[in-house]
Amino acid sequence: EKLTSFGAADLVVTVLSRKQLDGRVAVEAFKLAAALLEGGNRSVQEQFLRLFSTSAAEQLFLNLKEEMRFATRNLREKARFLRQERDRQVAELRELAEDADEGCLLVFKDDPSTSDLIRYLMEEGTICPLLRFLQLLCEGHYTEMQNYLRVQKYSSVSVDIVTEVVTMLFAFSGRIDAFNIGVLENIVEAVNEFVQGPNREVATAVVDSNYCDVVARIAGVTEISSAVKVEERSVEEVAGLGKNVVRQGGRGYPLSAAEWSKLKRRVGSQEKTLLRTRSYMVTSLLSLLEMVDVSYIPHRILASSDVPRLIRDINSAYMQVKEYREKGEPDLAHHAMDLCYHFYHLLLSILPYTEETSTRRVHRMLKQNRDAPELQYALEKGTGRIEIVREGKLYPYFFQMPDICKWLSVGEKTEISWGVDRSSQTAKIADFWERADDAFYAMRNQQNNHKNKFLAFLLDSSNWRGYLSLLLAFVTNILVIFTAFYGVAEVPNVPAFDGVYNDQYDGVEYAEIFGDNTTATIYFGEPYATIIDVIGVLQIILNLSQAVTFTLRDTPLLMRHNWEAFWRRQTDIAVLEKYLKPNIVKECRTIATAEAKTAGEDDTLEDERLLSIYNVFDFHRMGRREYFHFLKKDFKFFFQSLRAFVRSPIFLWRWIYLVIAVLVTVYPMMSCLLLLEIMAQSGTLNQVVKALTHRGRQLLLTVLLGLVLSYIFSVIGFGIMPDMFELGPAEVIDGSTSVFHHYHAPCNTLYKCLVVNFAVGLTSGDLGSGIAPAAWEDTQYMAIRTVYTLAYFIVITTILMNIIFGIIIDTFGELRARRDEIESDILQTCFICGLEASIFDRKSTEGDFSYHIRKEHNMWDYLAFFVHLQEKPETDYSGMESYVSGLLRNRDLSWIPNGRALSLPLEGGDG
């Protein structure tokens, strides 16, 4: 943009508008323009459009037209020369050897006979930079530029650049080779940018230029028609002759090392380039079908690429995939599979405009491929289908499922399905989309961890190691139950309760176990003690691995969630800048200043727009780099990260459980604590814990009220009858004299009254059992005792305790009702459109409700589409993808169908 402000775009237009266009200067001008427009820079595109609108730029379009027509003639001429040289070489090799490949031109190193021709064929001229320039002018679906390239309304002479580019394709009919395939790729990419958006006017012009017919022929080509191979050996060595044979007709000088290396690169990539170009061609047909309102364009595509032909193209592409896999060429297999998916998506997109063929019939036709019976399943599994609302209408959209989506775990899906806010359809979709970013981060974390085989083993075996650890805990406790006993140090393997025979006294001697002179210790006997120790070591190993697994798998998510929540709470940019690296702060300030100038806001932006620039959690916008790469690794970073761990009960439990496992090896009686792991392994017990913690604050306050009331009763008892509290009945001596029981507790202090109140009243529920009985003659004490104990029974035992139990029981009921409600919503309501199952069972034109949520509105396909947008470069977005991406940046979810579905008739949906 700075170069543009200094007049770089003006210079490009001036140079290209000269009547006598110099080829080398034009190439440099096109490269400069491409550098200015890189990434679809909209401000630079607008500047070029303003310059094109001047009268001085009329000559530019005439020059572009002339350059493209010259390139078309040049392409035909090069193809003719290549065929002639190939025929000459075949005839020559037949004289030297028994056989020769008639469909291939061999280029020999240090062979002067073909060097001049190869140099001529490798010359690209201006056409590739020119096409790249035209493509970048329309990058990002710039509709005004697309229309202007087709018709220059305010010029005295209008040149249809779109049609001129399409016409160049006719030079490739049956003449694709290693030297012109790069030009073909640039043509198709330019046409793709011309029509994306979609732009209906340009799309119609492209279709009227017989583009679909040419694409159908070229896209079905499986190999280079005029293949070129490089050979390090001489022609004599290939033919099996001696090196002394002198070939006739040698001319020129051999290719230099740089030229030979360039030729090898071009020849080596010709198969890959062909596959990529064919994919671009099919993608351009898909772009023509975006938001089609009439059947004209679909029928023109069907006229050249009908269903049987597309089926054949899919089968042919998949056979290439298998061939490349067998050869050990995964990169080519990947590109061939992409082509296969593009053909499949084109087939699914064109099906609604056919009369007889349905999706199910297509799948049956694909299953008939005996050489690849797995093809139909692979395509169906790897294709995502969603429905998008745009301009009030509903459109289907197909995309290739990103490979990273396979790392979305079942647990993550369950957490999203059951944890999303289902208070309303709008809230449900909004919360789902908020969780999508965390789910994508979880996928990236899983993918990175699985790159290491040992870490992958730890993650994949986490479940059975947890069950094994719990099983060992049960085994340890069973051994403790049946083998633990008190024994004396002299005879440790004999229980102290059994006594030890003493020869000196000729009798059994019993050890003092619970006295001041205790000599007995807990023993387990052999070999049980050894077994318990071995199990303890295994427990340490298992739980250490479990703690490490949790740390690798879940703590990055906890950290990111904590940091993102902290980031969103901040409204002051100065606070955020304290956590960012200096170079990131400088870059953000530069972007903010540039955006402010573009918007004309005098170097200031609205707080919301400014905060979005500092949002380091936008993985796509931040160049596919994680947030922690942009944060300073200082004390604040580690403190904020540590808070995420401390707040996580699961993280704390994992490491506390490891500490318990270590302590068990020292004191095996602590093995009972290992059984608490059953709460972490059992979903049912998790619900029990939730019932106690769901209303934890309310429950805690109620218990606190009970303690306060108990304290009040203790104060009252201390004030009116302190000597009547007791923990046991009085003892009678000699039938007449009564003394206090050993455990009698008169309230000579308020503390003792409080202890008796808690020990007797709260545990047994009957405070009267801790107060001395009243005689009938003592009416005053009886009245006080009756009122006191009755009040305690009503307030504490009856009302307060029932309130506590009621809270717990109500919480169980609430959680159960909520779970039933969520389960009903999952099973009976579409997550995406919010329509009930009965509507689809009665009215759907495609299938029942089960088919709808699996094939039409699959919630995980929508999540995969979000990942697809994050993984794909913005410059490669289709029109529909750009539309959705723009809405998502503003947190606008209006593109998701709410109460609508294509499979419903018009009265219930879009039909």
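Accessible areas in this tour come from the Shrake-Rupley method with a 1.4 Å probe, and for residues only the protein chains shown count as cover. By that method the protein exposes about 46500 Å², of which carbon and sulfur atoms supply 57%.

The model is predicted: local features need pLDDT of at least 70, side-chain atom pairs count only at pLDDT 80 or more, and totals for chains, interfaces and linings use all residues. Residues are numbered from 1 along each chain as its sequence is written, and side-chain values use heavy atoms, with hydrogens and water left out.

**Whole chain**

Begin with a cartoon of the protein, which has 40 helices and ten strands; these are DSSP runs numbered from the N terminus, helices being H or I of at least four residues and strands E of at least two. Of the 911 residues, 46% are buried; buried means under 20% relative accessible area, exposed over 50%, and partly exposed in between (1.4 Å probe, protein chains only). Taking a contact as heavy atoms within 4.5 Å, 72% of the contacts between residues at least 6 apart in sequence join residues at least 24 apart.

**Helix H18**

Select residues 330–350, which form helix H18. The expected span of a helix is 1.5 Å times one less than its number of residues; for the 21 residues of H18 this gives 30 Å, in agreement with the 30 Å between its end C-alpha atoms. Because 17 of its 21 residues are buried, H18 is largely enclosed by the rest of the structure.

**Aromatic rings**

Next, display Phe, Tyr and Trp side chains. Rings (for Trp, the six-membered ring) pair if their centres lie within 6.5 Å; planes under 30 degrees apart count as stacked, over 60 as edge-to-face and the rest as tilted. The whole structure holds 32 aromatic pairs. Phe 52 and Phe 61 form an edge-to-face pair, since their centres are 5.3 Å apart and their planes meet at 75°. Phe 52 is buried at 1% relative accessibility, and Phe 61 is buried at 2%.

Move to Trp 563 and Phe 566, whose ring centres are 5.9 Å apart with planes at 85°, so this pair is edge-to-face. Both residues are buried and lie in helix H26 (residues 555–569), three residues apart, about one turn of the helix.

Then select the cluster linked by ring pairs, whose members include Tyr 397, Phe 432, Trp 433, Phe 619, Tyr 862 and Trp 895. Which charged end sits over the ring of Phe 619? It is that of Arg 444, 3.8 Å from the ring centre; the criterion is NZ of Lys or CZ of Arg within 6 Å of the ring centre and within 35 degrees of the ring normal. The charged end of Lys 633 likewise sits over the ring of Phe 637, 5.3 Å from its centre.

**Cysteines**

Show Cys 830 and Cys 833. A disulfide is a pair of cysteine sulfur atoms within 2.5 Å, and the structure contains zero. The sulfur of Cys 833 has its closest cysteine sulfur in Cys 830, at 3.4 Å, too far for a bond. Cys 833 is buried at 1% relative accessibility.

**Backbone stops**

A cis peptide bond, with omega about -5°, joins Gly 197 and Pro 198; Pro 198 is in the loop between helices H10 (181–195) and H11 (200–208).

Arg 624, although not a glycine, has a positive phi of about 60°. This residue is in the loop between helices H29 (607–613) and H30 (635–646) and is partly exposed at 41%. Arg 891, in the segment after helix H40 (879–889), has a positive phi of about 55° and is exposed at 56%.
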